[in-house]
Amino acid sequence: PPTGMPATLTIDVAALERVDARDMHGGEYWFPNPSSTRLFFAPTARTLRQGEGYYSNTYLLLNSGFVGVTDRLTIGGSVTLIPSSTSQIGYLTPKLSVYESDEVNVAAGALVGYNGFGDGDATRQFGIVYSVLTYGSPDDNVTAGVGWGYVGSRLAKTPAVLLGGATRVSRRMALITENYVVSSSSDTEAILGYGVRFFGEKLSVDLAFLNSGKDPVFPGIPFVSFSVKF
């Protein structure tokens with residue numbers, strides 16, 4: 001070393017983090033997907049790890065929070081905050097992982113809601129019970145599920161079917177689709193969702209469109225949401 005310089009150099013390392021080989025793309029590190037537990041609105045079969053959580057806001061009116069109680073149990077809640085209204089809609093969304101591996105995840109859950117705008121107590125309770133399967137990695141996956149809706153004590157005779165998926169096309173962007181087939185005794189309706197998600201390590205923003213399979217409009221009804229993971 002030059003005269004007067006120490007013979008050794010001390011380097012302080014704050015932390016070391018292991019990087020999975022699948023997170024390297026062309027020599028560039030892609031941080032973990034912060035929103036792998038959901039599509040736009042629907043859940044995937046992946047759950048938050050214990051102690052993880054996130055806050056999300058949709059249309060600036062629907063506020064939601066989710067937390068990993070254990071590695072297999074995620075519990076969330078949502079409530080509307082509509083200005084000048086004394087009645088709001090709220091619901092709880094528990095989700096339990098019943099099987100998980102690197103590529104296949106299966107979960108069951110429910111949306112247990114209360115409709116403050118309903119007419120009479122019987123119609124104020126609403127929700128859905130469901131099961132969902134996700135195949136693929138957190139970045140590239142397909143999700144399919146079935147759910148039975150209910151209002152009051154009346155359970156739907158036929159389930160709604162979910163088919164969706166996501167693919168990460170760059171370090172900070174993914175393409176997402178979320179689609180439903182809803183049947184009744186007299187009709188069957190397809191609801192389509194498609195758009196993009198921009199994200200960093202904690203923050204994600206969804207810009208998408210919703211449409212009807214029977215009477216589509218171009219480009220669709222805008223859907224805007226953001227979330228912050230903690």
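Predicted model: local features only at pLDDT ≥ 70, side-chain atom pairs only at ≥ 80, totals over all residues.
**Overall build**

The protein chain has 16 strands and 0 helices. Its C-alpha atoms fill a box of roughly 90 × 35 × 35 Å along the principal axes. Of the 230 residues, 34% count as buried. The accessible surface of the chain is about 13500 Å². Carbon and sulfur atoms account for 65% of that surface. Contacts between residues at least 6 apart in sequence were also sorted by separation: 40% of them join residues at least 24 apart.

**Salt bridges**

The count comes to 6 salt bridges.

| Pair | Closest N to O |
|---|---|
| Arg49 and Glu100 | 3.6 Å |
| Asp206 and Arg197 | 2.6 Å |

Arg49 forms a salt bridge with Glu100. Arg49 sits in the loop between strand E2 (28-29) and strand E3 (53-58), and Glu100 in strand E7 (residues 95-100), so the bridge ties together parts 51 residues apart in sequence. Arg49 is partly exposed, at a relative accessible area of 30%. Glu100 is partly exposed too, at 29%.

Lys214 is partly exposed, with a relative accessible area of 42%. For Asp187, also partly exposed, the value is 37%.

Buried here means under 20% relative accessible area. Asp206 and Arg197 also belong to a network of salt bridges that takes in Arg38.

The largest pocket holds about 1100 Å³ of space. It is lined by 42 residues, and Phe41, Ala42, Pro43, Leu111 and Tyr180 are the closest to its centre. Strand E9 (residues 125-136) gives the most to this lining, with 6 residues. By class, the lining has 26 nonpolar, 13 polar and 3 charged residues.

The second largest pocket holds about 670 Å³. Its lining has 27 residues, with Arg22, Pro32, Ser36, Arg46 and Pro138 nearest the centre. What is the make-up of the lining of the second largest pocket by class? It divides into 6 nonpolar, 9 polar and 12 charged residues.

Technical notes:
Residues numbered from 1 in each chain as written. Heavy atoms only, no water. 1 Å grid on protein atoms, 1.4 Å probe; cavity = no way out; pocket = protein on both sides within 12 Å on 5 of 7 lines; lining within 4 Å. Points joined across faces, edges and corners; volume = space filled by probe spheres on them. Helix = DSSP H or I, 4+ residues; strand = E, 2+ residues; numbered from the N terminus. Nonpolar A, V, L, I, M, F, W, Y, C, P; charged D, E, K, R; others polar. Buried < 20%, exposed > 50% of the residue type's maximum accessible area, 1.4 Å probe, protein only. Contact = heavy atoms within 4.5 Å. Areas by Shrake-Rupley, 256 points an atom, 1.4 Å probe, with all protein chains shown as cover. Salt bridge = Lys/Arg side-chain N within 4 Å of Asp/Glu carboxyl O.
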